[in-house]
Amino acid sequence: MATRADAIAKAREHLHSGAFITELNRRVGFRTQSQEPLPGDPMRAYLVEGLTPAFEEMGFTTRIVESPIGKGPYLLADYREDPSLLTVLSYGHGDVVGGMVGEWRDNLDPWRTTTKGERVYGRGTADNKGQHSINMAALRMVHDARGGKLGFNAKFIIETSEEIGSPDLAQVCASLHEELKADLLLASDGPRLSADRPTVFLGCRGGVRIALDVNLREGGNHSGNWGGLLANPATILANAIAALVDHRGRMKLEIMKPPRITNQIRSVLAEVEVKPTPDEPQLSDNWGEDDLTAAERVYAWNTLEVLAMSSGNIEEPANAIPGRARAVLQLRFVVGTEYEKVVDAVRDYLHANGFAMVEVSGQQRFGASRTDVDSPWVNWAANSIRKTTGKPPAILPNIGGSLPNGVFAEGLGLPTIWVPHSYPGCSQHAPDEHILLPLTEEALAIMAGLFWDLGETPRNG
């Protein structure tokens, strides 16, 4: 009779044999860039040709679900073994950012995998084709090891519009509420804390984009003739930003700050060290909120960042006072922040403090969500990963970035466990996107262990 160790060994061998990379190479070849769609219908082809056969080989039924707003389609895959067993829902996205052809090292083709040392390059290898391919492969290894059984029911929803903000994922999941019922979301996206530390995160931070516009006049005016007489919109804008966030990145408005970090969250993050590798940006000294660790700043606190600023022509500055200035800021926030009030609060604050000429508007907003750290699924996942790897995983209340976690945690009411398979230096969204072979092998083993253990876990146990 096959054992847990057998399933994990099969998962590792799937990489060593070259079969996993061959499979991933085929999927990377679908040019599924959603921000700048290419001719044809690569999104649908990816779901139908790239994924459906693999699901159907495991006994899943599949169907394509159309976007209600005309965006990329969805693949729904459903495996039902026994209604008395646990049901796990998983998620992934088949769309990627643009290929950026010609910008990769050694002029690599982004639409095929290339292995150099421990790195496997290709668009989507880390975000997210490689990650859901790992989960599908590990699931298949468990299915084979158990003689065509899993020991639980499984569902997948794969979207093709994540890189444009998942504009209708919530609507689609709401319409499929009955079909997507499950006991747990177990999915993979985003980076680990570090390449050598398995990680579990329970949700994501949200974000609010805030535009600040100072429009005083059309065109520029000679800085010698008019300097000291005309208000300078760039100067006003710089001071308006400084009224919101200081020279060390500390927010000044209380409405932008989260609730007090609980002792429970502090305890979880006490074991988390943010330690960039030599090829990643190094942490800035004396930056950010006082009396917080680096882990608390990025996983348990809010930050206000200036994303872009513009006034005049920086490439060819004229000797003129510009007529307009603009900045886009973003508040990244954790659960409990009154983010719905932030834009109005910024406007009221600036206008009450001498900046009535600054127009304030909200451009984009997405919520924060996370599973409680005391959920029994957190210990279950951590224990499974430790059993497979011998390493205690980092437990993050949420990642610093954003994912459509709220659709599952709030919309479907599921506990959410994310087990990421990339790492901070993977160059996602940039040239040279890649996965690491040692990390991929460990990830295949981790997921095989998790899926095996799901089959040993009684419902409501």
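In which helix is alanine 5 found?

**Figure 1. Alanine 5 in the predicted model.** The structure shown here is a predicted model. Alanine 5 belongs to helix α1, which covers residues 4-16. Its relative accessibility is 52%, and because exposed means over 50%, alanine 5 counts as exposed. The C-alpha atom of alanine 5 lies 37 Å from that of alanine 294, a residue 289 positions away along the chain.

**Figure 2. The protein as a whole, as a setting for the close-up views.** The secondary structure comprises 13 helices and 19 strands. The C-alpha trace spans about 90 × 50 × 45 Å along its principal axes. A compact globule of 461 residues would have a radius of gyration near 23 Å, and the value of 24 Å for the protein agrees with this. Of the 461 residues, 54% count as buried. Among contacts between residues at least 6 apart in sequence, 80% join residues that are at least 24 apart.

**Figure 3. The aromatic pair of tyrosine 91 and tryptophan 418.** Eleven aromatic pairs are found in a search of the whole structure. In the pair shown, the ring centres of tyrosine 91 and tryptophan 418 are 6.1 Å apart and the ring planes meet at 75°; the pair is therefore edge-to-face, as planes over 60 degrees apart are counted in this way. Tyrosine 91 lies in strand β3 (residues 87-93) and tryptophan 418 in strand β18 (residues 416-418), so that the pair links distant parts of the chain, 327 residues apart. Both residues, tyrosine 91 and tryptophan 418, are buried.

**Figure 4. An aromatic cluster.** One aromatic cluster is formed by Phe55, Phe60, Tyr79 and Phe156.

Figure 5. The bond that runs from aspartate 127 to asparagine 128 is cis, and its omega is near 0°. Asparagine 128 is located in the loop between β5 (119-121) and α4 (129-145).

**Figure 6. Asparagine 107, a residue with positive phi.** Although asparagine 107 is not a glycine, its phi is positive, at about 55°. The residue lies in the loop between β3 and β4 (114-116). Asparagine 107 counts as exposed because its relative accessibility is 55%, where the cut-off is over 50%.

**Figure 7. Aspartate 291, a further residue with positive phi.** Aspartate 291 is likewise a residue other than glycine, with a positive phi near 60°. Its place is the loop between α8 (263-269) and α9 (294-299). With a relative accessibility of 76%, aspartate 291 counts as exposed.

Key:
Residues numbered from 1 in each chain as written. Predicted model: local features only at pLDDT ≥ 70, side-chain atom pairs only at ≥ 80, totals over all residues. Heavy atoms only, no water. Helix = DSSP H or I, 4+ residues; strand = E, 2+ residues; numbered from the N terminus. Buried < 20%, exposed > 50% of the residue type's maximum accessible area, 1.4 Å probe, protein only. Rg over C-alpha atoms; globule rule 2.2 N^0.38 Å. Contact = heavy atoms within 4.5 Å. Phe/Tyr/Trp six-rings, centres within 6.5 Å; stacked < 30°, edge-to-face > 60°.
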